[in-house]
Amino acid sequence: MQADYTETPPAGAACTGAYRVGAYGVGACWAARAWLRAGGRLAPARRKGHNGRMTPPYDAPTPDAPPKRLSVLGSTGSIGTQALQVARWRGYEVVALAAGRNAARLIEQVRTFRPQLVSCDAAVADEVRAALPAGTQLAVGEPAAVAAHPADVVVAAIPGYAGLEPTLAALREGRHVALANKEAMVVAGPLVWETARAHGARLTPVDSELSALFQCLQGEPREAVAALVLTASGGPFRLAPEDLSGVSPAAALKHPTWNMGHKVTIDSATLFNKGLEVLESHFFFDWPLERIEVVIHPQSLVHSLVRFKDGNLKAQIGSHDMRLPIQVALEAPDRPPTPLAPLPLVGVWEFYEPDTARFPSLALAYEAGRRGGTAPAALNAADEVAVEAFLAGRIGFMDIPRALEHALTQVPHAALSWEAIPEADREARRAVRALFRL
Ligand SMILES: NC(=O)C1=CN([C@@H]2O[C@H](COP(=O)(O)OP(=O)(O)OC[C@H]3O[C@@H](n4cnc5c(N)ncnc54)[C@H](OP(=O)(O)O)[C@@H]3O)[C@@H](O)[C@H]2O)C=CC1
Ligand SMILES: CC(=O)[C@@H](O)[C@H](O)COP(=O)(O)O
Ligand SMILES: [Mn+2]
């Protein structure tokens, strides 16, 4: 049974800055501490958590902060809907939503949250407009307008290169951006940070591995860190027969641990998602590529680790539930409780070397990072085209790394600039379409 985020917490259910705990055992730690502070009473446990165990009671201290005004870009997607569950749980005011073509879900969200502004694709604009209540404005095909709308924090969860411009629009208004759109960081990381700094905007990571590193690095001197260690589930084909060229989109969409949008799920199957996250970490933390490691951890409970020069490793552990890192991104450095059940620590947790011969996409991402400039932008664009073609049944699974290699070797790379990025993106898309006659 899922933990119940649909219920708004009772007054006083948020906790104060007193919950600024260390980086360890986030999910379990939050709930357990809240429970202990609430007196550790065993009854009345009100519902069962996602793992079937009883969740702790919700009577925690009074919040010390006013509710936040939240905007969500990509509100109808996997991250967007979970961000809105967190918003409801935390009592946020949802002021603006940007979606694409899922009119039914957007309309439902508008009825629930009554935002001031929404954006949707032109194809569904009439349907959405007809359902809008008085007080909600519609900006057709303008997620950047939603991003720029006055808010305290913006969840940036439009996937791919399309998410970059709205993310920048939020940063240019000095908003705190909770960044799920890893591609923005991969394609333009140093320039994204430059924009954030120029406008006094804050960036916190939503991606679970980045959230883990962000938490593990808190309070640690940079000089003490030896390496960042990203965990990867290994995807659905970790134990599959050697030849993956004939695997179907349906099989590739069966992620072993996470339930996510199609693009990131296929990227997980090729291990390119981990490649994107290597680049995302490289730019987000301004950290050298050669000191970023990847380890396969099929249980997806250790979300990443920091290796210190003194030999210690610090890990962040939690249920594989994106509402945890979303709430961290929205609330850090505070740690209010969630309604999730404590994570049981009983079970087998495995760690393996990644197989870069079977999954070449990971090595190609490192190579793009070493080349620098617009190489990551070209690689990202090639992947977007290839994943779309694979999902449409037009190319095979192993054509995805072929497309990446083609973009890396055939598209000329330039120094990073706002002019060079769209050029590299266009050129890589063109090259991959030509390669497969798409
Ligand atoms: N899902 C997850 O658990 C994780 C996701 N991420 C990252 O978060 C981002 C979002 O992923 P996810 O939520 O899975 O994706 P989904 O495919 O589930 O959702 C995408 C959302 O973005 C909207 N959208 C897509 N394209 C556009 C566009 N051009 N303009 C406006 N809106 C658009 C969609 O609208 P509609 O559906 O209405 O058409 C939908 O609301 C990605 O960058 C992903 O890599 C990172 C870690 C985990
Ligand atoms: C939940 C999340 O952050 C995803 O990016 C996840 O990491 C995908 O799983 P893989 O580890 O299989 O890439
Ligand atoms: Mn991730």
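Q: A helix here is a DSSP run of H or I with at least four residues, numbered from the N terminus. With that in hand, which helix gives the most to the shell around ligand 1?

A: The model is predicted. In it, α2 gives the most to the shell around ligand 1, with three residues. The helices that each supply at least two residues of this shell are α2 (78-90), α7 and α10 (262-270).

Q: How many residues surround ligand 1, and which are the closest?

A: For a shell, a residue counts as near if its C-beta atom, placed from the backbone, lies within 6 Å of the molecule. Around ligand 1 there are 30 residues, and Gly74, Gly77, Gly100, Asn102 and Gly261 are the closest. Sorted by class, the shell holds 13 nonpolar, 13 polar and four charged residues.

Q: What are the domains of the chain?

A: Domain 1 takes in 1-206 + 323-340, and domain 2 takes in 210-321 + 346-433. Where they touch, domain 1 puts 28 residues into the contact and domain 2 puts in 32 residues. The ligand brings both domains back into the picture: each of them gives at least three residues to the shell around ligand 1.

Q: Which elements give two or more residues to the side of domain 1 that touches domain 2?

A: They are α1 (26-37), α7 (182-198), β7 (203-205) and α12 (323-331). Of these, α7 gives the most, with nine residues. By class, this side of domain 1 has 17 nonpolar, eight polar and three charged residues.

Q: How many bridges join β6 to β7?

A: Three bridges join them, and β6 (residues 176-179) runs parallel to β7. At one place along this pair, Val177 stands opposite Leu203 in β7.

Q: Which residues does the UniProt annotation "binding site" cover?

A: An annotation is taken from a record, and it may be inferred rather than shown by experiment. In this case the UniProt entry, which is unreviewed, marks Asp207, Glu209 and Glu277 as "binding site". They are spread over 71 residues of sequence yet cluster in space, the largest C-alpha distance being 8.4 Å. Among them, Glu209 lies in helix α8 (residues 208-217).

Methods: Residues numbered from 1 in each chain as written. Chains lettered and ligands numbered in written order. Predicted model: local features only at pLDDT ≥ 70, side-chain atom pairs only at ≥ 80, totals over all residues. Domains from an automatic or database assignment. Contact = placed C-beta atoms within 7 Å. Nonpolar A, V, L, I, M, F, W, Y, C, P; charged D, E, K, R; others polar. Pairing = 2+ DSSP bridges.
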